[in-house]
Amino acid sequence: MKNEKLKTPPPGAHLKEILDNFGISNYRLAKASGIPATAVGQILAGRRRITAETAIRLGAALNMSAQFWLNAQTHYDLMRARESVKESASHVEPLIPASS
């Protein structure tokens, strides 16, 4: 994943910060959550998306809501998509007028 231009960090950056703050190793998170250690490493490196199942497991292991992790992933995906379609989206013709 290329994220050099994005101001929004991938969800793995948030996860890394939480793990660092609480002194939790990747391995410990993997064991506690049932997420494979390789998947945890890929999420932390920004090479793997957080799925709904992963969000549930992260939420349970870190005493957070699964919705937080899904929202973080969705927000990141939307920022990436906006960046990649910025030019072509400006030529889209609105079919419904904006409400006042």
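The largest cavity in this predicted model is lined by eleven residues. Those nearest the cavity centre are Pro-10, Pro-11, Gly-46, Arg-48 and Gln-73. Two helices, H1 (11–22) and H5, each contribute at least two residues to the lining. Sorted by class, the lining of the largest cavity comprises six nonpolar, three polar and two charged residues. The volume of the largest cavity is about 50 Å³, and a search of the whole structure returns one cavity of 30 Å³ or more.

Helix H5, which supplies part of the cavity lining, spans residues 66–89 and also packs with helix H4, residues 52–62. Two packed helices are described by the angle between their axes and the distance between the axes. For H4 and H5, the axes come within 7 Å and cross at roughly 130°. Angles over 145 degrees count as roughly antiparallel and those of 65 to 115 degrees as roughly perpendicular; H4 and H5 are therefore oblique to each other. The handedness of the crossing of H4 and H5 is right-handed.

On the H4 side, the contact is made by Ala-52, Ala-55, Ile-56, Leu-58, Gly-59 and Leu-62. Their partners in H5 are Ala-66, Trp-69 and Leu-70. The residues of this contact comprise eight nonpolar and one polar, with no charged residue. By contrast, two charged residues are counted in the lining of the largest cavity.

Note on methods:
Residues numbered from 1 in each chain as written. Predicted model: local features only at pLDDT ≥ 70, side-chain atom pairs only at ≥ 80, totals over all residues. Heavy atoms only, no water. Axes fitted to C-alpha atoms, helices over the stretch in contact; angles between N-to-C directions. Helix = DSSP H or I, 4+ residues; strand = E, 2+ residues; numbered from the N terminus. Parallel < 35°, antiparallel > 145°, perpendicular 65-115°, else oblique. Left-handed = near helix turned anticlockwise from the far one by under 90°. Contact = heavy atoms within 4.5 Å. Nonpolar A, V, L, I, M, F, W, Y, C, P; charged D, E, K, R; others polar. 1 Å grid on protein atoms, 1.4 Å probe; cavity = no way out; pocket = protein on both sides within 12 Å on 5 of 7 lines; lining within 4 Å. Points joined across faces, edges and corners; volume = space filled by probe spheres on them.
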